[in-house]
Amino acid sequence: MKDTHKHKGLRNQLVKVMIDKGIKDKNVLKAISNIPRHLFMDSGFVDFAYQDKAFPIAADQTISQPYTVAFQTELLQIEKGAKVLEIGTGSGYQTAVLLEMGAKVYTIERQKELFKKTKLFLPKLNYNPKKIIFGDGYKGLPEEAPFDGIIVTAGAPFVPKPLLSQLKIGGRLVIPVGDEVQTMTLFVRTGEKDFEKLELGDFRFVPMLKEKN
């Protein structure tokens with residue numbers, strides 16, 4: 001588990017790519033420059049860790065493209081101490097970005113293999129979410145609600161109502177919605193029953209699956 005000067009240099013180049021693509025949030029950029037993404041990937045992919053691309057990980061899932069991670073995180077507008085629910089822990093890379101930014105993170109993963117792996121792995125890098133849960137992300141985490149932000153890291157065919165109901169007023173839900181191609185969608189809760197909705201371009205994600213396996 002080495003993080004070398006070369007890796008840090010590659011991360012700085014990746015940050016420049018993020019800036020060129022329009023990411024402005026300095027805390028997001030700082031998180032990307034700090035996190036050793038290569039450690040979140042299978043060793044065969046280490047050479048590709050700092051390219052702006054998604055890559056396969058265990059359980060037929062992927063580690064998202066850094067730009068997608070940065071874009072979704074920027075939309076959340078996280079402040080230090082914000083309470084954030086992540087649906088789809090995956091490799092833990094997005095979790096690490098949220099933690100670097102000072103969020104209190106609750107994260108749910110429905111793939112048993114990934115859940116076990118990531119739960120053991122994150123603390124080794126000193127990333128400690130409040131909770132890592134093996135469960136169904138469609139249900140959210142009602143016992144810990146409300147949240148300042150909810151981020152979904154898989155393509156959802158529809159917006160799960162429990163996630164909207166678990167937002168604080170003023171809270172933000174970032175979710176890719178659609179089947180083959182997803183539209184990045186931001187919901188801001190403006191009142192008990194009121195939400196603002198913004199659609200922010202097309203992305204491709206692995207599907208958000210129901211139930212646990």
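**Close-up 1. Salt bridge between Lys 197 and Glu 199.** In this predicted model, the closest N and O atoms of Lys 197 and Glu 199 are 3.6 Å apart. A salt bridge here is a side-chain nitrogen of Lys or Arg within 4 Å of a carboxyl oxygen of Asp or Glu. Both Lys 197 and Glu 199 are exposed (buried means under 20% relative accessible area, exposed over 50%, partly exposed in between, with a 1.4 Å probe and protein chains only). By the salt-bridge rule, the count comes to six.

**Close-up 2. Salt bridge between Asp 52 and Lys 21.** The closest N and O atoms of this pair are 2.5 Å apart. Helices (H or I, at least four residues) and strands (E, at least two) are DSSP runs, numbered from the N terminus. Asp 52 is buried, at 16% relative accessibility, while Lys 21 is partly exposed, at 41%.

**Close-up 3. Salt bridge between Lys 131 and Glu 144.** Here the closest N and O atoms are 2.7 Å apart. Lys 131 belongs to strand 5 (residues 131-134) and Glu 144 to the loop between strand 5 and strand 6 (147-152); the pair links distant parts of the chain, 13 residues apart. Lys 131 is partly exposed, with a relative accessible area of 33%, whereas Glu 144 is buried, at 16% relative accessibility.

**Notes.** Residues are numbered from 1 along each chain as its sequence is written, and side-chain values use heavy atoms, leaving out hydrogens and water. Local features need pLDDT of at least 70 and side-chain atom pairs count only at pLDDT 80 or more, while totals for chains, interfaces and linings use all residues.
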